[in-house]
Amino acid sequence: MSLDLTPRQIVAALDEFIVGQPDAKRAVAIAIRNRWRRKQLDPELREEVSPKNIILIGPTGVGKTEIARRLARLVRSPFVKVEASKFTEVGYVGRDVEAIVRDLAEAAVVMVKQEQREAAREVATAAAVERLLDLLLPAMEGEDSDAERRDRLRDRFREKLQAGELEEREVELTYESSASAPSVSLPGAGGGGGMGFDLQSLFERFGSKKKVTRTLSVSEAREILLGEEAEKQIDPDKAHAEAVARAEADGIVFLDEIDKIAVDGERGGAPDVSRQGVQRDLLPIVEGTTVQTRYGQVKTDHVLFIAAGAFHVAKPSDLIPELQGRFPIRVELDSLGEEEFRRILSEPKASLTRQYAALLAAEGWTLEWAPDGIAALAKLACQVNEGTTNIGARRLHTLLEKILEPELFEAGDGEGKTVTIDAAVVNERLGELAADEDLSRYIL
Ligand SMILES: Nc1ncnc2c1ncn2[C@@H]1O[C@H](COP(=O)(O)OP(=O)(O)OP(=O)(O)O)[C@@H](O)[C@H]1O
Ligand SMILES: [Mg+2]
């Protein structure tokens, strides 16, 4: 169900969240539109058109991951993010790159089921109401054979239910408790997770769901019944088939830290066998192969790969030639400066400044950002990035958390207050810290 957005529309939608980086936005927008274009072709030609994968090149914290994530959400594509460097780890080499595809299928199943649940909402709501009525008006057959009267009573209760008058009424409900499955943990497993197999799915498959009978309020029972009724509307086989198709045609794999598996040929010494090995392992998946998943075979021929890396040392040309050929589009992202930081703080719908204002509003506080305060923060962020390590826009997170620490601690006690963060406040609270390089290295 990818939406038919044109490249221009995709870029405009990304602009709402991400400041700057026009080249990267254009590249991903074209790649997405090309998928739509491909679907319009004759089947014969359609099979021939392979996706044009992208490498995003840029320093840390400039929006590489953010662009890919927002894009996937925007066009409702199944999405997974993996770190290429993870695959150098022992036990990850070889067969296990296929886990990328299995995860993609999993993401697609979650997405499709969620959509089907949404689509079934109306039917499920109506069915849930009828089942609530059954619980509220238990068997009155026999003694009251007057069907007409029974119907009238039911109608009256239905109205009351819909008017929300019975929410606190108690009913007894027998249902499948799925809550018992996820809490399973093996004694001695140390809580470290990382078990070699998927316990949860094992339990699902062998039906460990337990029936329980509880006395619940109508509003609690409705939630459970809604869930059950929505689930009834989903045909798992169909959902899985749809998910596989979706993963194949619309899936996006974000391959982070691709530069870490590139081998810099000029540095001399023995070529790094393991990194090249990882590249070779990845190649079939990127080129197109078939992977067996829980939901059936998934062909990767048309999955879109977006790779990203800083490429400080290695260059894209240090990747093995086959892989280079599979990533024909390279875009550089700009490093962010004062002006970009100012815009990142103020423009996006869910900008950090808005997030903190909303968090404090939950406590009854009013947080106002004076334009000169935002400008001062942007300047400081730049200064600290230059003085210590450039972590891009991530610097804004540390700065904001630090500057709002007094309010974040105090809110909740006593009356709400109104706070304005202007340049004076910023400099008073952070100026000294930022000026001291040693201090800011630790704190900001
Ligand atoms: N251009 C931008 N516009 C808005 N927010 C941004 C931008 N660049 C980065 N950010 C914010 O900074 C944070 C880090 O960005 P992101 O995860 O995209 O970095 P990255 O480029 O993937 O870095 P890395 O190479 O370290 O993975 C995110 O929370 C994101 O919201
Ligand atoms: Mg990233």
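**How we know what we say**

Guide: Let's start at ligand 1: helix H4 (residues 64–74) gives the largest share of its shell, three residues. This is a predicted model, where local features need pLDDT of at least 70, side-chain atom pairs count only at pLDDT 80 or more, and totals for chains, interfaces and linings use all residues. Residues are numbered from 1 along each chain as written, while chains are lettered from A and ligands numbered from 1 in written order.

Visitor: How many residues surround ligand 1?
Guide: 19 residues do, and Thr60, Gly63, Thr65, Glu66 and Ala393 are the closest. To be near, a residue needs its C-beta atom, placed from the backbone, within 6 Å of the molecule.

Visitor: Why is ligand 1 said to lie between domain 1 and domain 3?
Guide: Domain 1 (7–113 + 240–332) and domain 3 (338–439) both give residues to the shell, so ligand 1 lies between them. The bounds come from an automatic or database domain assignment.

Visitor: What makes H6 a helix, and which residues does it cover?
Guide: A helix is a DSSP run of H or I with at least four residues, numbered from the N terminus. H6 covers residues 121–136, which is 16 residues. The expected span is 1.5 Å times one less than the number of residues. That gives 22 Å, and the end C-alpha atoms are 22 Å apart, which agrees.

Visitor: Which residues of H6 are buried?
Guide: Ala124, Ala128 and Leu132 are: buried means 20 or more other C-beta atoms within 10 Å of a residue's own, exposed means 12 or fewer, partly exposed is in between, and C-beta atoms are placed from the backbone. On the other side, Glu122, Ala126 and Glu130 are exposed.

Notes
Helix = DSSP H or I, 4+ residues; strand = E, 2+ residues; numbered from the N terminus.
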